Protein chains: 2
Amino acid sequence: MQRAEEYFGFLERLVRVPSVAGEERAAQELLASRLETLGFASRWIPLTADLAELPGAGRPCSSLHGRSSLVCERSGESAASVLINGHIDVVPAGDPSLWTGAPFAQFRRDGWMVGRGAGDMKGGLVMALLALHALHDHNALGGRISFVVVPEEESSGNGTLATLRAGVTADAAILPEPTDLNIDVSGIGVLWCEIEVTGSGAHAGGRRSANPLDQLTAVARTIADLTAETAAGDVEARARHVYYNANLGQAEAGDWPSSVPTRARGVMRIGFPAPLSAAAMEERIRDAVARLEHDAACAGCTTRLAFPGLRAEPHALPVDHPLVTAVAEAHSAAHATTSRVLHTSSTSDARFYVNQAKVPAVCYGPVVSAIHGVDEAVDLSSIVAGAKTYARLIPALLAGLRPRPRSSA
Amino acid sequence: MQRAEEYFGFLERLVRVPSVAGEERAAQELLASRLETLGFASRWIPLTADLAELPGAGRPCSSLHGRSSLVCERSGESAASVLINGHIDVVPAGDPSLWTGAPFAQFRRDGWMVGRGAGDMKGGLVMALLALHALHDHNALGGRISFVVVPEEESSGNGTLATLRAGVTADAAILPEPTDLNIDVSGIGVLWCEIEVTGSGAHAGGRRSANPLDQLTAVARTIADLTAETAAGDVEARARHVYYNANLGQAEAGDWPSSVPTRARGVMRIGFPAPLSAAAMEERIRDAVARLEHDAACAGCTTRLAFPGLRAEPHALPVDHPLVTAVAEAHSAAHATTSRVLHTSSTSDARFYVNQAKVPAVCYGPVVSAIHGVDEAVDLSSIVAGAKTYARLIPALLAGLRPRPRSSA
């Protein structure tokens, strides 16, 4: 594919901008600048605190100051409109010393590009751009296309919510999230839970006093047990390879080895199945932890739960939805192979299109490894492969989805 | 007692100087200035890295730059010499918001002074000063007295080691550590152990990958079990109310709720009994953790142990040692009550006098509450009470200890 190397270079530049929560703007500007050369007009939709009150919203953990969603739009005649949505925020790198190179320096290895965000999801954004540029080169870029580049996907989703509130929608939405060139039609519920256990500290040598870390561990285990129990409600999970994990992703306590910590704090990420809502899952968690608190072992500590950040409701597009068919056909036409329908064990901003806006949405994007981990990488050849699919898919969607077969209507 | 209020005011000033590790000098200067008015000459003995190679040494965790032990000496004629040793370093305050006031602001409540370090052990330092000033006021301050004010007691003990290497010693040493006016004759072994577990991170939604926090918890539990098992070797522990605790005093892991942490780090404080040495306890810990590592659950994580900070060897002065008798007699003479012999579940720099310098040493100091905890406090009346004991004890020690009874020689 022409321009592939040009866009790999653009991806390098994009990865070198460490667009962690709160620092997304510079990377968004790079994308806006590139999209403007393809005839898109840019506008910015600021993130505001009141977004958190909308149905499905999360509760951002970083300041919203100066943060906006980027909306790039191209007008034109088309039977239908299409929206491409990608997030520009990346998760922190973990311990940088564990990486082969500096996490945001990026480097290529055996056809992969390694770097925080290369896989989740700057590679996908570049994949979509490459497809648009290919269409542009063939004078085939026309019709109503929106390219939305949002912050806050990893921690709330409120970046996409801001664009929906502003009326940025379409007849179909595609998200170039990393799916290994499969078609991801659903997302599980995901809730963040902050656990804060407070004691009063003590000398480590004293008659044993309650260590908030022990209580934090007990609460996390209780929540993990509840998560597993709740997950059992999804009888299709095993067949679909869906995991409802409870992950204690952050923990901190204490400031001196010989002092019992005064406070321990942890944050979990908890997966849960439909038809549960985030609010219902929160209630289950609060109940389970309240029962634990009556345990004698917790004497002397108080436990407080909070639910900042992600509060993702489960979502699902029917597997026989015309959008799924359209993606599958575009993939087959481009590659003469079949793309698999996927049920992710995570979530994406696709949920807002499906749940809130009633716009069909799927994720389809490149092959990646170790997203959120050390040496996260994207397979560069899969960026080209995915772009070939998008170059067929976008015109097809602009022509309008075929009606859904009656049998499953 | 005259001057009590003056010295409570001095204690207020001392507490307001937050002399945490590395920040001890300003508080030491206050003490030097005060001791010089009582005829003491000050000198400073710098802490150096090679102290860590001496027998019994710890491994300081803070920079040694600009840090010294303060030695204030008074010469004169006396049958024997006496040394008062106190540490000026205090442990961190924990979460300041849990305190009734700001931790280093200090305030008085019902006859107590509340503040980080008020109990451990600025109250004791002031108690000894008050006794010396009382003797001075009565023209009874004479003879060879050293007043040693050290940093690094809480994390290595190398401040006291520096003074011993410089030849600062005496016929007997007393440490005004908080003992509730009891006579503390011994200390348990205390070892710090840093646990670092490294994984490779991952998305929280993936097929379950090893979370370093789980492994940290497992290692800490293994060490706690070993500590309890080792403690069983001290058959007198229960009768003496000695606790060999394992305390996970610090822990930190991860930087994002939806990412499996790349690394988890914890630091434990581990108590162990004589006749074990710190080196032998370290070996036991390494062995126990190595056995755990063969467990399948740890797959994908590597665990590294390090032993920074405190490596305190157990120490004990015989309960019938003439120094113990001298303190008991001074206490009885001052208060017409009996002081109890105490075996602490912790350690103090007394160990260096007893173990390394073969100088008898005991701790005797004020009544305190919540040392290393929230709202740490010292009972002001006990400072006066302890000073009355010291005002009798110091002249007695300068006259020379009576020989130990033959029966227990």
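Chain B can be laid on chain A with an RMSD of 0.0 Å, using a turn of 180° and a shift of 0.0 Å along the axis. That is the relation of a two-fold axis. The same surface serves both copies, as 100% of the contact residues of chain B recur in chain A. Keep in mind as you look around that this is a predicted model.

Which residue of chain B comes closest to the rotation axis? It is Glu252(B), whose C-alpha lies 2.1 Å from that axis.

## The build of one chain

Let's now look at chain A by itself. You can find 10 helices and 20 strands in chain A. Its radius of gyration is 22 Å, close to the 22 Å that the globule rule gives for 409 residues, so chain A is as compact as a globular protein of that length. Taken along the principal axes, the C-alpha atoms of chain A fill a box of roughly 80 × 50 × 40 Å.

How do parts of the sequence meet in chain A? Consider contacts between residues at least 6 apart in sequence: 84% of these join residues at least 24 apart.

Of the 409 residues in chain A, 61% count as buried; here, buried means under 20% relative accessible area. The accessible surface of chain A comes to about 15000 Å², and carbon and sulfur atoms account for 51% of that surface.

## Charges

What about charged side chains? Chain A has 36 positive and 44 negative ones. The centres of these two sets lie 2 Å apart.

Note on methods. Residues numbered from 1 in each chain as written. Chains lettered and ligands numbered in written order. Predicted model: local features only at pLDDT ≥ 70, side-chain atom pairs only at ≥ 80, totals over all residues. Heavy atoms only, no water. Helix = DSSP H or I, 4+ residues; strand = E, 2+ residues; numbered from the N terminus. Rg over C-alpha atoms; globule rule 2.2 N^0.38 Å. Buried < 20%, exposed > 50% of the residue type's maximum accessible area, 1.4 Å probe, protein only. Contact = heavy atoms within 4.5 Å. Areas by Shrake-Rupley, 256 points an atom, 1.4 Å probe, with all protein chains shown as cover. Lys, Arg positive; Asp, Glu negative; His and termini not counted. Charge placed at Lys NZ, Arg CZ, Asp CG, Glu CD. Least-squares fit on C-alpha atoms with pLDDT ≥ 70 in both.
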